[in-house]
Amino acid sequence: MNTAPRPDRPGFAVPDDLDPLTRHPKAVAPGAQIRMHNPMCLGCGEDAPRGLHLVVRAGEGFTVETEMDVEPWMEGGPGVIHGGVLSTAFDEVMGTAPLLVGPSAVTVHLEVDFLAPVPVGSRLQLTARLLGRQRRKIYVEATAHIGDPDSPVAVGHSIFVTINPREHFAEHVDNSQMAEEYKQRLARP
């Protein structure tokens with residue numbers, strides 16, 4: 001996949017001077033599930049009542065992968081997935097990839113190119129790959145396909161920035177469905 005800067009894609013350009021990637025010593029082994037960060041997360045949360053409930057697994061090198069059944073409630077156009085649902089799945093799989101190299105990171109740029117309709121009733125496979133990092137920025141690309149990895153139905157690119165979760169989410173904890181639990185976590189040294 002070509003990730004060179006393009007004039008029609010001004011938000012996503014991979015710098016030439018990327019820092020080398022090193023798998024974090026606490027990163028899970030290939031094939032293992034990368035644990036969710038928030039049980040109420042729309043993308044991966046087990047307790048999210050309207051969530052995608054994605055299970056993301058570490059792949060070889062700097063990749064992660066997941067599968068998603070396209071269910072009737074995900075419909076946008078007649079018989080096909082809603083682009084926002086597919087974008088959420090891309091954000092989840094790409095947002096999990098930085099955990100292979102370090103601490104928490106949040107999305108600062110996300111783009112998805114929709115290449116073909118994704119029918120309701122299909123099983124979608126998504127794979128994300130870390131392209132590199134530059135200081136706090138982590139560059140990621142992903143593909144989604146149904147069956148044939150060489151025929152993607154969508155591709156995504158994103159930039160994540162590493163954060164200190166306690167500082168980053170501190171002023172928003174009161175809005176969480178799990179506010180009391182998070183306040184207790186934030187209070188721990």
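Contact is taken to mean heavy atoms within 4.5 Å. The structure is a predicted model, in which local features need pLDDT of at least 70 and side-chain atom pairs count only at pLDDT 80 or more, while totals for chains, interfaces and linings use all residues. Residues are numbered from 1 along each chain as its sequence is written, and side-chain values use heavy atoms, with hydrogens and water left out.

Three helices and six strands make up the secondary structure of the protein; helices (H or I, at least four residues) and strands (E, at least two) are DSSP runs, numbered from the N terminus. Along the sequence the pattern is β-β-α-β-β-β-β-α-α. Of the 189 residues, 41% are buried, where buried means under 20% relative accessible area, exposed over 50%, and partly exposed in between (1.4 Å probe, protein chains only). The accessible surface comes to about 10,400 Å², and carbon and sulfur atoms account for 52% of that surface; areas come from the Shrake-Rupley method with a 1.4 Å probe, and for residues only the protein chains shown count as cover. Among contacts between residues at least 6 apart in sequence, 63% join residues at least 24 apart.

The six strands form an open sheet with antiparallel pairing, in the order β1-β2-β4-β5-β6-β3; two strands pair if DSSP finds at least two bridges between them. The edges are held by β1 (57-58) and β3 (105-114), each with a single partner strand, so one side of each is left without a neighbour in the sheet. Helix α1 (residues 83-96) packs on the sheet and touches β2, β3, β4, β5 (137-145) and β6 (152-162). The direction of α1 makes about 50° with that of β6, where axes are lines fitted to C-alpha atoms, for helices over the stretch in contact, and angles run from 0 to 180 degrees between N-to-C directions.

Strand β4 (residues 123-134) is joined to the antiparallel strand β2 (residues 63-69) by seven bridges. Glu-67 has Gln-125 of β4 as its bridge partner, and Thr-63 is partnered in β4 by Arg-129. Nine bridges link β4 to β5, and these strands also run antiparallel. Arg-133 stands opposite Ile-138 in β5. The hairpin of β4 and β5 has two residues between the strands, and Arg-135 takes a positive phi near 55° there. Nine of the twelve residues of β4 are buried, so this strand is largely enclosed by the rest of the structure.

The largest nonpolar core has 34 residues, and Phe-90 and Leu-124 have the most contacts inside it. Such a core is a set of buried Ala, Val, Leu, Ile, Met, Phe, Trp, Tyr and Cys residues joined through side-chain atoms within 4.5 Å. At least two residues of this core are supplied by each of β2, α1, β3, β4, β5 and β6, and the largest share, six residues, comes from α1. With residues up to four places away in sequence not counted, the contacts of Phe-90 include Val-112, Leu-126, Ala-142, Ala-154 and Val-155. A second, separate core of five residues includes Phe-12, Val-14, Tyr-139 and Ile-159.

Asp-91 is also considered. This residue is found in helix α1 and, at 28% relative accessibility, counts as partly exposed. Asp-91 touches Thr-107, Leu-110 and Phe-160, residues up to four places away in sequence not being counted. The C-alpha atoms of Asp-91 and Val-106 are separated by 9.7 Å, with the two residues 15 apart along the chain.
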